[in-house]
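Visitor: I'm new to this one. Could you walk me through how to read it?

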Amino acid sequence: MPYSIMLDAGHGGRNPGAVYNGRQEKDDALALTLAVGEILQNRGIDVEYTRTTDVYESPYQKAMEANEAGVDFFISIHRNSYPTDNTVSGVESLVYDLSGIKVEMAENINEQLEAVGFVNLGVKARPGLVVLRRTQMPAVLVEVGFINSDTDNMIFDNNFDDIALAIAEGILDTLGMSGNLPKDTPASSVSYTVQTGLFRNQVYANRLLDELQEQDFPAAVTQENGLYRITVGSFPTLDEAAEMERRLKRAGYQTLVMSR
Ligand SMILES: [Zn+2]
């Protein structure tokens with residue numbers, strides 16, 4: 001079984017996160033999260049996302065999504081900020097407490113980012129953060145430089161691909177998967193779908209399936225480990241899955257984009 005990781009782009013929608021000269025944390029976080037996800041996907045990790053578009057979900061909702069999906073790890077990507085501009089720069093990673101594999105993963109991510117050019121501000125315990133406290137799996141929140149540091153923004157913009165790779169490598173190092181060559185499979189072998197429900201009770205699963213099909217959504221049910229998963233569509237690209245996710249959200253459904 002491949003490792004599964006839920007990637008969380010910090011903030012979103014009406015919550016921009018930190019803002020500096022019109023630059024919004026939520027946008028940097030989303031772009032980087034999608035880039036990291038693509039790399040991990042190509043290395044054989046099962047990647048899921050809390051969001052793939054500019055939408056708001058509370059940190060509590062994000063943690064619950066990860067718990068419901070039963071992923072092995074949760075990685076939240078943010079940009080930092082400091083009360084005064086251009087005062088502090090560097091990367092830091094936050095964890096619930098300083099124990100277990102999450103600390104090792106956080107240290108590995110920081111070291112990889114340091115190699116790209118950021119100052120390494122270390123790993124810190126933040127037991128009060130909801131996405132760290134309420135997730136049931138090892139969780140790391142990475143602050144990828146300060147958004148109100150011109151130095152960090154320059155590193156971020158000039159080395160975007162290397163930064164995405166650094167975060168992915170930090171994760172893979174921890175899982176003993178570093179140095180794996182990207183799987184030699186055509187991109188078309190990966191597909192995306194949108195999960196709209198996961199049930200123990202088949203009656204509830206079928207009810208949702210019927211409801212979606214009546215609205216002409218291409219819904220399907222699959223059974224694994226005693227759970228009934230309702231998914232909509234099968235898409236060759238994340239963009240197409242995200243478009244379907246938007247339609248489903250507008251129709252009032254809880255959604256989760258998954259790769260398979
Ligand atoms: Zn943030």
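This is a predicted model: local features need pLDDT of at least 70, side-chain atom pairs count only at pLDDT 80 or more; totals for chains, interfaces and linings use all residues.

Visitor: Okay, domains to begin with. Which domains does the assignment give the protein chain?

Guide: The domain assignment gives domain 1 (4–174) and domain 2 (187–259). Their centres, taken over C-alpha atoms, are 26 Å apart. Where they meet, 14 residues of domain 1 are in contact with 14 residues of domain 2. About 1100 Å² is buried between domain 1 and domain 2, and carbon and sulfur atoms give 51% of that area.

Visitor: On to the inside. Which residues touch the most other members in the largest nonpolar core?

Guide: The general idea is that in soluble globular proteins, nonpolar side chains tend to be buried together. Here the largest nonpolar core has 56 residues, and Leu40 and Ile167 touch the most other members. Helix 6 (residues 160–174) supplies the largest share of this core, seven residues. Domain 1 (4–174) and domain 2 (187–259) both give residues to this core, so it lies between them.

Visitor: Now a helix. Which residues of helix 3 are buried?

Guide: An α-helix has 3.6 residues a turn, so residues three or four places apart point the same way. In helix 3, the buried residues are Lys102, Val103, Met105, Ala106, Asn108, Ile109, Asn110 and Leu113. Their cover includes strand 5, strand 6 (91–95), strand 7 (120–125), strand 8 (139–146) and helix 6.

Visitor: How many residues does helix 3 have, and what span does it reach?

Guide: Helix 3 (residues 101–116) has 16 residues and reaches 23 Å from its first C-alpha to its last, close to the 22 Å expected. Just after helix 3, Gly117 takes a positive phi of about 135°.

Visitor: Last stop, the metal. Which residues coordinate the zinc ion?

Guide: The zinc ion is coordinated by His11 (NE2), Glu25 (OE) and His78 (ND1), at 2.0 to 2.1 Å. Along the sequence, these donor residues are spaced H-x13-E-x52-H. His11 lies in the loop between strand 1 (4–9) and strand 2 (19–20), and His78 in strand 5 (residues 73–80), so the pair ties together parts that are 67 residues apart in sequence.

Visitor: Are His11 and His78 buried or exposed?

Guide: Both His11 and His78 are buried.

Technical notes
Residues are numbered from 1 along each chain as its sequence is written. Side-chain values use heavy atoms; hydrogens and water are left out. A nonpolar core is a set of buried Ala, Val, Leu, Ile, Met, Phe, Trp, Tyr and Cys residues joined through side-chain atoms within 4.5 Å. Buried means under 20% relative accessible area, exposed over 50%, partly exposed in between (1.4 Å probe, protein chains only). Helices (H or I, at least four residues) and strands (E, at least two) are DSSP runs, numbered from the N terminus. Domain bounds come from an automatic or database domain assignment. Donors are N, O and S atoms within 2.8 Å of the metal (3.2 Å for Na, K and Ca); water is not among the atoms, so sites may look incomplete. The expected span of a helix is 1.5 Å times one less than its number of residues. Contact means heavy atoms within 4.5 Å. Buried area is the accessible area (1.4 Å probe) that two parts lose on being put together, summed over both.
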